[in-house]
Amino acid sequence: MESRYLRKLREYAKEVAFCFRFAADPLSRTLLAANTLQFHLANALGIRYPSYAAKRYCVRSRNDHRELFLRTCGGDIYLFHEMFSTAYYEIPARLKREARTIVDLGANIGLASRFFAEIFPNATLVCVEPNPPNIAILRKNVATLGGRVRIIEGAVSDRAGEAHFAGSLECWRGRLDKNASSGCVVRG
């Protein structure tokens, strides 16, 4: 039986190999692979530190090369690999139909929007995100999609009103918190 550590090493090797296939130029290949390893090493050592600055990578898309912005720590690298190097988000062929509108609730930095924009090239995308640091990167990541994207800086709830958004070092752990007294205010 394969040990947990050997399984992890195989997974990391697959991710590094994917970086070299997905990135479109030598610098992006090297940086994406190195930052993937840095992310995993920080996690293995239990190091948690904010990563606000997003690094630019040139990546391949169906028809051309595009920029993609990711923060090394905080989860963007993890989400990148989950979105693009696995089949988690693939839509079975029997369910694929031409979509006119795709709504990405909790759009984070726009990776799902970018993924689905490739699958549905004629769809309009609505990205809803409450976290200001994520929104800044989201705007960069969907910029090449032009008028196909509408970004709503807010959150979805069962009623209109205000709530506080409590951010986190990990990009996906932010949450609306009606009891919080700090963080950004989300109106809807």
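**Salt bridges, pocket and surface patch**

Aspartate 76 is buried, its relative accessible area being 0%. The model described here is a predicted one. Aspartate 76 is joined to arginine 71 by a salt bridge, in which the closest N and O atoms are 2.7 Å apart. Arginine 71 has a relative accessible area of 5%. Because buried means under 20% relative accessible area, arginine 71 is classed as buried, and aspartate 76 is likewise classed as buried.

In the structure as a whole, a search finds 4 salt bridges. Side chains of opposite charge can pair when their charged atoms come close. One of these salt bridges is formed by the side chains of arginine 66 and glutamate 118, with an N to O distance of 3.5 Å. Arginine 66 belongs to strand E2 (residues 65-70) and glutamate 118 to helix H4 (residues 111-119), so this pair ties together parts that lie 52 residues apart in sequence.

A further salt bridge is found between the side chains of arginine 139 and glutamate 153, at 2.5 Å from N to O. Here helix H5 (residues 132-142) supplies arginine 139, and strand E5 (residues 149-153) supplies glutamate 153; the pair links distant parts of the chain, 14 residues apart. Arginine 139 has a relative accessible area of 41% and is therefore partly exposed, since that class lies between the limits of under 20% for buried and over 50% for exposed.

Rolling a probe the size of a water molecule over the atoms shows where empty space is left. The largest pocket has a volume of about 340 Å³. Its lining consists of 13 residues, and those nearest the centre of the pocket are Lys8, Tyr12, His40, Asn43 and Ala44. Two or more lining residues are given by each of helix H1 (4-22) and helix H2 (26-44). Of the elements, H1 gives the most to this lining, with 6 residues. By class, the lining of the largest pocket comprises 8 nonpolar, 2 polar and 3 charged residues.

A nonpolar patch is present on the surface, formed by Leu41, Leu45 and Ile47. Together these residues have about 290 Å² of accessible area. Leucine 41 is located in helix H2, one of the elements that give two or more residues to the lining of the largest pocket. The relative accessibility of leucine 41 is 51%, so leucine 41 counts as exposed, the cut-off for that class being over 50%.

Methods
Residues numbered from 1 in each chain as written. Predicted model: local features only at pLDDT ≥ 70, side-chain atom pairs only at ≥ 80, totals over all residues. Heavy atoms only, no water. 1 Å grid on protein atoms, 1.4 Å probe; cavity = no way out; pocket = protein on both sides within 12 Å on 5 of 7 lines; lining within 4 Å. Points joined across faces, edges and corners; volume = space filled by probe spheres on them. Helix = DSSP H or I, 4+ residues; strand = E, 2+ residues; numbered from the N terminus. Nonpolar A, V, L, I, M, F, W, Y, C, P; charged D, E, K, R; others polar. Patch = residues over 30% accessible without salt bridge, like charges linked within 9 Å, V, L, I, M, F, W, Y side chains within 5 Å. Areas by Shrake-Rupley, 256 points an atom, 1.4 Å probe, with all protein chains shown as cover. Buried < 20%, exposed > 50% of the residue type's maximum accessible area, 1.4 Å probe, protein only.
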